[in-house]
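Here are a few notes to read alongside the model. Have the sequence and the 3D view open as you go.

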Amino acid sequence: MARIHPTALVDPKAELDTDVEIGPYTLVGPHVRIGAGTTVGAHCVLDGHTTIGRDNRIYPFVSLGLPNQDKKYRGEPCQLVIGDRNTIREYSTYHVGTVQGGGVTRLGDDNWMMAYTHLAHDCVVGSHTIFANNAQLAGHVQVGDWAILGGFTVVHQFVRIGAHAMTAMCALLFADVPPFVMAQGQPAQARSMNFEGLRRRGFSAQRIAAVKAMHKALYREGLTLAQALERIEALARTHPEAAADVALMRDFLAGVDAQRGIVRARRGEA
């Protein structure tokens with residue numbers, strides 16, 4: 001049975017699985033579903049068409065599933081979907097999607113979301129990411145698995161951040177950050193690749209060598225994006241053990257918007 005503090009207000013229509021814990025003064029709306037083992041701290045608001053998976057830890061003063069801040073939104077039954085085993089710290093705010101953006105804001109599994117993080121409408125965040133304090137996403141942003149956003153990172157709408165990428169504190173993103181890239185600045189520019197993070201995740205020396213070659217093609221040889229993509233695709237033959245990493249980069253670059261582009265390097269750096 002769910003454990004609900006007597007001061008919490010849980011709508012009878014809400015669906016709470018076994019071993020869910022709801023803290024004091026928390027409000028849970030009628031369209032909320034919460035999976036087994038999830039705990040919700042004090043003074044939270046969970047509303048809208050919100051689905052929360054198993055074994056999440058939601059800390060006090062978090063707001064999930066409220067109407068988004070898009071002026072076109074007219075109260076349509078859009079969704080917020082949160083996966084399993086996420087940690088969501090104090091004062092974070094995650095909104096439902098919009099009809100125009102597909103209707104769903106989504107957070108995957110095993111993410112570590114620090115205080116004051118914000119997911120605007122229609123954002124899609126993968127799994128195993130880390131958002132440091134005050135990392136903020138505007139609408140329609142996509143973040144790949146294992147990405148790390150430094151504190152006070154601000155991401156413009158429709159920007160994509162690739163898997164294993166990393167941003168420094170106070171980074172301001174107006175362009176896509178390809179997989180593996182470390183970005184810093186206002187606006188953010190590419191500084192290097194996230195080599196230390198890859199080593200910690202068990203990437204072999206051969207795979208890291210392929211990532212270095214992709215970095216060289218993107219930022220060190222003066223190539224156009226199309227030329228760099230061609231060079232990167234060829235790495236699948238010379239570095240077969242990194243074929244999946246090459247495919248990850250290839251697919252990301254193939255989806256780059258021509259006007260937005262990718263973060264570029266400072267002259268003489270990266």
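1. The centres of domain 1 and domain 2, taken over C-alpha atoms, sit 35 Å apart. Domain 1 covers 3-140 and domain 2 covers 197-255 of the protein chain; these bounds come from an automatic or database domain assignment.

2. A word on the ground rules: this is a predicted model, where local features need pLDDT of at least 70 and side-chain atom pairs count only at pLDDT 80 or more, while totals for chains, interfaces and linings use all residues. Residues are numbered from 1 along each chain as its sequence is written, and side-chain values use heavy atoms, with hydrogens and water left out.

3. For C123, the nearest cysteine sulfur belongs to C78, 14 Å away. C123 is buried, at 0% relative accessible area (buried is under 20%, exposed over 50%, partly exposed in between, with a 1.4 Å probe and protein chains only). C170 is in no disulfide either; the nearest cysteine sulfur is that of C123, 19 Å off. At 30% relative accessibility, C170 is partly exposed.

4. Now have a look at H121, in the loop between strand 17 (118-119) and strand 18 (124-125). Strands here are DSSP runs (E, at least two residues), numbered from the N terminus. H121 counts as buried, with 10% relative accessibility.

5. What does H121 touch? Leaving aside neighbours within four places in sequence, its contacts (heavy atoms within 4.5 Å) include N68, D70, H95, T105 and H140.

Technical notes: Disulfide = S-S within 2.5 Å. Helix = DSSP H or I, 4+ residues; strand = E, 2+ residues; numbered from the N terminus.
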